[in-house]
Amino acid sequence: NGFAKIKVEYSDQEHKIDADGYVFLLDSNKNEIRIPRDYYWGTDFIHGISIVRTTKDSYGNDTIGVINEAGDVIIPAKYDSIELLSDNTLLVKKDNKYGLYDITGNCILPDIFTSIEHISKDRIRVIWNLIEIQSWSPGEYTPNLNNDLGSRENDLVNNRSALCDTKGNIISDKRFVCVGKFLNGYARCYLNIEAEKGNIKLKNTGIIDTNGKT
């Protein structure tokens, strides 16, 4: 009748394709929606959006984006992966850097972070590197390049971390160069990071809670 069932690698989902090459996905009511031909695969629609794949780029890789039920672009198909999280935000990844969007396509955190960790319903811990990232400067951070250090040690010295709310605003003291892992609602924080004889030293230690209170 002009249709065929299709599957792709690494997915158990089965979709339908028509004789013109258009793929059909299901909305929340199990209605079929034809998506633009630019995309050859996607998740069935959840909250009105689908995470879709394009054909391979010039390097032979798929690129991932997000569209709505009308076929409009919510997030451009330029990422290596996109994941819909339980709080209905979208975690994107490109070249081992992470970012965060809401489901309407508004950017919460740009895709510049080496780590984005949800520590509670409305709190996010982020890590970035000053050597690589110059465009996002929430504090008065300056790269500390030390010619006596190897590349790994220089990376560690120039890593910065902070506690954010769900809008991407830093709520920990911006003077902190490091906010550590949270345990039972608290984390160590540090005002200084130094390299001594090739060893990384975090100094001037305090404690913060998930509200950013020191």
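Author: A residue is termed buried under 20% relative accessible area, exposed over 50%, and partly exposed in between, with a 1.4 Å probe and protein chains only. The model is predicted: local features need pLDDT of at least 70, side-chain atom pairs count only at pLDDT 80 or more, and totals for chains, interfaces and linings use all residues. Residues are numbered from 1 along each chain as its sequence is written, and side-chain values use heavy atoms, with hydrogens and water left out.

Reader: Why is Cys107 called partly exposed?

Author: The relative accessible area of Cys107 is 45%. This value lies between 20% and 50%, so Cys107 is partly exposed.

Reader: What makes Cys178 count as buried?

Author: Cys178 has 16% relative accessibility. Buried means under 20%, and therefore Cys178 is buried.

Reader: Why is Asn88 called partly exposed?

Author: Asn88 has 29% relative accessibility, a value between 20% and 50%, so the residue counts as partly exposed.

Reader: Which residues does Asn88 touch, not counting residues up to four places away in sequence?

Author: Contact means heavy atoms within 4.5 Å. With that exclusion, Asn88 touches His47, Asp102 and Ile103. The C-alpha atoms of Asn88 and Ile46 are separated by 9.6 Å, and the two residues are 42 residues apart along the chain.
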